[in-house]
Amino acid sequence: MIRAVIVMNTQGKPRLAKFYDYQPVEKQQELIRSVFAALSNRAENVSNFMEAESIFGPDSRLVYKHYATLYFVFVFDSSENELAMLDLIQVFVETLDKCFRNVCELDIVFNYSKMQSVLDEIIFGGQVLETSSVEVMKAIEEISKLEAASNAISLIPYASGWSRR
Amino acid sequence: MGSQGGFGQSKEFLDLVKSIGETRSKSEEDRIILREIETIKRRILEPDIPRRKMKEYIIRLVYVEMLGHDASFGYIHAVKMAHDENLLHKRTGYLAVTLFLNEDHDLIILIVNTIQKDLKSDNYLVVCSALNAVCRLINEETIPAVLPQVVELLGHQKEAVRKKAIMTLHRFYQKSPSTVSHLISNFRKKLSDNDPGVMGASLYPLFDLITIDIKSYKDLVASFISILKQVAECRLPKSYDYHQMPAPFIQIKLLKILGLLGNGDKHASGQMYNVVGDLIRKCDASSNIGNAVLYECIYCVASIYPSTKLLEATAEVIAKFLKNDNHNLKYMGIDVLGRLIKLSPDVAEQHQLAVIDCLEDLDDTLKRKTFELLHKMTKSSNVEVIIDRMIDYMTSINDFHYKIEIASRCVELSEQFAPSYHWFILTMNRIFEHAGDIVDIKVAHNLMRLIAKGFGGDHESADSQLRSYAVESYLHVVTEPKLPSAFLQAWAMIEVICWVLGQFGTADGNYSASYISGKLRDVAEAYSSDETVKAYAITALTKIYAFEITSGRKLDILPERQSLFEELAASRSADLQQRAYEFRTVVHLEAHAVKSIMPFDVSCEDIEVDITLPFLNSYVQQSLQNGAQPYIPEEQRSGTIDISNISNQVSRESSMHALKFEAYELAKLPAPSRPPLPVSNISTELVPVPEQSYSIREANTYPSIPSVSTSGPPELKLRLEGIQKKWGRPSYSSSPPSSSGVSPSPASEISQVESAASLSSRPQDNYKDLKKAEVEIAPEKQKLAASLFGDSSKSNKTTGTRHNTSRSDTLSIDKSTGSRSSVAPAVETKIPPQPLPDLFDISDQTVAAVATTSVDSFMQLGGLLDHNGRCSSQSDAVIDSSVGSHDNVPLYSDLHVSGQSDPPSAKSKDNDIKRTFSRGSIEAMKGPNLKDALVKDALVRQMGVNPTTQNPNLFKDLLG
């Protein structure tokens with residue numbers, strides 16, 4: 001099972017943190033900090049796997065991937081395959097990329113809730129739900145459509161017009 | 001909303017994000033967020049807030065909490081929002097609630113009702129978000145409230161809902177198996193769902209179930225195999241393909257399940273061979289996910305009943321993994337090697353150089369994985385090299401957690417495989433020196449037992465050699481000036497040192513009693529604040545003087561030592577005091593008396609302890625007849641009992657109850673350092689003060705324990721021992737019968753055998769070294785390889801022929817015939833694999849070589865061209881990376897990005913290089929889109945968000 005998904009930038013600021021086992025806020029911060037400390041000590045050109053038992057307790061593994069200014073970190077247990085998790089990160093990022101067209105950190109910062117929806121379509125309660133970014137996109141678009149529709153009904157014209165194209 | 005790159009938030013929120021992005025310190029950030037919290041707190045209570053506004057407040061709260069601040073005042077609003085009819089708001093509400101609350105939160109009870117309603121909704125998206133919340137928010141008590149609805153959803157027409165319902169049930173099962181135990185059959189049923197996605201989802205719970213109970217799922221083996229076959233043959237719809245692999249995650253899960261089911265089951269495994277073999281053959285090893293499936297295949301092969309054909313196939317794959325430049329694959333290679341090594345020990349030898357490369361790699365993860373592998377392949381022949389490496393690594397890291405682990409591994413291995421006692425003692429010294437504060441105290445006890453027992457039997461001379469070696473090495477340790485700092489935390493080490501010096505310090509006559517006792521005193525002084533160490537030291541001193549008296553030498557106690565004892569006799573610690581009194585008494589006794597209370601070399605004799613203290617029976621009877629109270633066990637006592645007649649120094653200081661505990665606690669610690677047998681004699685017979693208090697307590701607390709007659713020798717001496725035990729000095733000497741289990745005796749036997757073996761193999765070693773020097777590729781590595789892998793054959797040979805000892809590594813014995821030929825060739829034959837092909841077929845090979853080089857240089861050229869800034873203006877050029885020039889894509893696209901936002905280009909290039917492999921097979925579905933980025937840039941600038949120097953790459957395309 002996947003225990004946590006953390007996205008943070010290269011300065012250690014969390015951009016998304018989702019723990020599939022409940023962790024109190026302080027503990028979350030502590031975990032994020034120690035993950036960042038460990039990650040920033042990693043050299044370039046090394047493997048994407050990291051010892052995580054000292055941070056997350058026994059039977060935990062960590063896979064991370066560095067994209068431009070962001071770290072994507074998945075923490076999971078021995079029932080998952082490391083390489084597969086690495087690809088799941090790839091799926092996540094690819095989906096975000098499709099979602100935002102050339103995704104960059106800024107998109108992620110400003111579309112926090114959307115990123116959460118994408119993640120929810122990929123990982124469900126700690127298990128891998130969907131691995132095809134096309135399928136995830138379909139689900140997301142469907143949600144967006146419905147949301148837009150329901151928004152239109154209860155509409156308030158203070159349109160976020162500047163953001164629409 | 002706003003999938004086109006817009007941000008559906010207000011200016012305020014953007015400002016917040018922006019200002020946080022530009023903060024320079026944590027405190028500045030905290031200040032901003034606290035202000036934000038104040039604002040939201042105020043606003044959120046205003047009447048009639050539009051819901052759209054409320055939604056944004058809640059998102060802002062989520063954001064605030066992610067940054068580590070308390071937003072609990074808004075939880076209730078999130079719960080309310082989840083009640084909303086509007087899907088967008090409902091989803092936001094659920095999102096916030098799942099992030100804010102845990103399953104035991106008070107507000108959960110408010111949300112359960114909403115969930116129940118939503119699970120019945122006609123809109124499947126509402127159902128999905130409710131299921132999502134269920135996974136996170138429903139605890140054991142509330143499962144029954146939603147269970148019927150969830151089960152109903154298993155038959156929902158939408159496959160997405162069915163899938164989520166299955167996973168929700170799985171989640172319930174994880175949280176509390178008993179609540180869904182009657183529904184487990186559903187997982188089986190869903191295995192035959194029309195939709196492959198639903199089928200795939202059912203594999204997760206089945207995997208969990210099979211892990212617990214393999215037997216009842218054996219009947220599914222055939223189904224799993226046929227599913228795997230169908231998946232591998234691409235029978236699933238195209239939409240399940242991922243990077244040209246058909247449903248890899250389903251394949252991985254299936255392989256995991258098959259591995260479980262086939263474990264130790266020849267029949268079931270037989271059915272799997274074909275499909276797994278096919279998979280290994282067909283798998284695309286160029287993509288990341290392909291390798292993930294390959295890894296899973298090997299894992300499966302390693303856990304099912306072994307098939308030689310499959311093992312051969314896996315060996316090739318492992319070779320590919322290890323030779324790859326990608327660290328991830330190396331890691332996986334090492335990992336599977338560790339799994340296969342039990343099945344075929346020679347697998348590792350084929351890859352020795354690769355393994356050593358990994359050991360010397362800069363990557364910590366890889367290094368640790370390799371140590372794990374070494375741990376599994378340790379034999380008596382390579383233990384020295386491996387332990388040496390491990391300790392070196394241990395001293396170089398700061399990671400406390402891993403240090404403990406590797407230290408205990410070192411101890412375990414050296415106890416198991418020690419080639420000689422010299423080596424063992426030295427190794428233990430090193431381990432104690434670097435990790436003395438974290439190794440288990442049992443390790444020290446085992447070491448002491450080993451030294452005391454020696455090898456047993458008819459090896460008296462070897463034993464005494466061992467002991468004098470130990471004494472010498474410890475004296476060396478103690479004499480070193482750095483002792484206090486290096487060993488300050490190494491309690492275990494100090495304990496061993498004191499005990500060994502006390503017990504054997506003067507035994508071989510090399511050192512005088514006064515020299516040893518001087519050293520012991522130094523130890524006691526160095527730890528002036530530590531009672532435990534002082535106790536070790538003083539007991540050791542007592543023993544030394546006792547042995548002096550026994551052997552009839554004239555006792556000559558220097559005044560400063562005398563003063564040490566005087567000082568301790570007045571110590572505040574009852575324990576130290578008692579030891580000092582014991583000492584004082586012992587030194588004034590006759591030689592024969594001392595001999596009987598401090599016999600030499602009985603530290604290993606088993607002491608029979610009858611905890612029922614039968615010898616007290618008559619006394620108890622008598623007391624009862626005289627009207628004494630029967631014994632009430634401690635836990636039944638009400639707390640106040642009359643033990644006021646116990647008076648010693650400690651009791652005056654603390655309450656009576658506390659005294660009781662003190663006595664137990666204190667007495668336990670120092671016990672290991674002394675042979676309890678003589679001590680007990682002293683304390684009960686000779687020392688008046690403590691004896692009194694003890695015996696009174698004995699009478700008070702233990703008089704009516706039921707008696708069982710013992711088989712133990714009925715001498716007075718032994719019985720008194722029993723008392724001593726009872727009063728809390730039991731740890732070391734009483735443990736041998738139970739805790740000795742694993743290590744010492746086998747270790748000592750083995751190590752003896754090995755010491756003989758290693759001696760005999762020295763000349764060969766030299767010869768081999770010479771040989772190795774001739775080999776041109778990295779001689780030290782080869783040497784290391786030989787010592788890790790190659791030597792095994794040789795030393796197995798020697799041990800195999802000479803001593804037919806029953807060893808744990810019997811696997812290697814059958815192999816010894818194969819590799820018997822000699823060691824040096826083994827080294828040589830393993831080097832040439834790369835040059836070898838050249839010799840075979842010159843013409844073909846050269847052509848191929850030319851071809852590859854030309855391709856390479858071409859690619860390099862391409863890279864150079866791009867890199868030189870001649871990046872073409874055609875931003876929509878489509879590069880199909882599957883053609884093979886992976887390198888070009890990222891480099892190319894990266895230049896665009898760097899052109900527009902000026903990131904340190906060297907760094908980004910590195911990133912790209914790192915990515916090349918894993919991204920290799922991703923289609924270049926979109927060119928680097930300059931226009932997009934510019935539009936985005938303009939948009940945010942318009943809003944007043946500018947990328948600052950703090951984060952210049954904010955616009956950087958994540959995918960390059």
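Me: Starting with B:K238: buried or exposed?
Reply: B:K238 is exposed, at a relative accessible area of 65%. On this scale, buried is under 20% relative accessible area, exposed is over 50%, and partly exposed is in between (1.4 Å probe, protein chains only).

Me: What does the side chain of B:K238 meet in a salt bridge?
Reply: That would be B:D241, at 3.1 Å from N to O. A salt bridge here needs a side-chain nitrogen of Lys or Arg within 4 Å of a carboxyl oxygen of Asp or Glu.

Me: Before we go on, what sort of model is this, and how is it numbered?
Reply: This is a predicted model, where local features need pLDDT of at least 70, side-chain atom pairs count only at pLDDT 80 or more, and totals for chains, interfaces and linings use all residues. Residues are numbered from 1 along each chain as its sequence is written, chains are lettered from A and ligands numbered from 1 in the order in which they are written, and side-chain values use heavy atoms, with hydrogens and water left out.

Me: Ok, back to salt bridges. How many are there over all chains?
Reply: The count is 34. One of them joins B:E12 and B:R43, at 3.0 Å from N to O. B:E12 lies in helix α1 (residues 11-22) of chain B and B:R43 in helix α2 (residues 26-44), so this pair ties together parts 31 residues apart in sequence. Helices are DSSP runs of H or I with at least four residues, strands are runs of E with at least two, and both are numbered from the N terminus.

Me: Which residues are linked with B:E12 in a network?
Reply: B:E36, B:R43, B:E56 and B:R60 are in that salt-bridge network with B:E12. B:E12 itself is partly exposed, at 31%.

Me: And where does B:D265 sit, and what does the pair with B:K218 link?
Reply: The closest N and O atoms of B:D265 and B:K218 are 3.0 Å apart. B:D265 is in the loop between α13 (248-262) and α14 (266-282) of chain B, while B:K218 is in the loop between α11 (196-212) and α12 (221-232), so the pair links distant parts of the chain, 47 residues apart. B:D265 is buried at 17%, and B:K218 is partly exposed at 28%.

Me: What about the largest nonpolar core: how many residues does it have?
Reply: It has 287 residues, and A:F72, A:F92, B:F172, B:F224 and B:Y474 have the most contacts inside it. Such a core is a set of buried Ala, Val, Leu, Ile, Met, Phe, Trp, Tyr and Cys residues joined through side-chain atoms within 4.5 Å. Helix α3 (residues 82-100) of chain A gives the largest share, twelve residues.

Me: Which residue of chain A has a phi near 40°?
Reply: A:A68, a residue other than glycine with a positive phi. A:A68 is in the loop between β4 (61-67) and β5 (70-76) of chain A, and is buried at 3%.

Me: Last one: what pLDDT does chain B average?
Reply: Chain B averages 70, and 63% of its residues score at least 70. pLDDT is the predictor's confidence in each residue, from 0 to 100. Over residues 665-775 of chain B the pLDDT stays under 50.

Key
Contact means heavy atoms within 4.5 Å.
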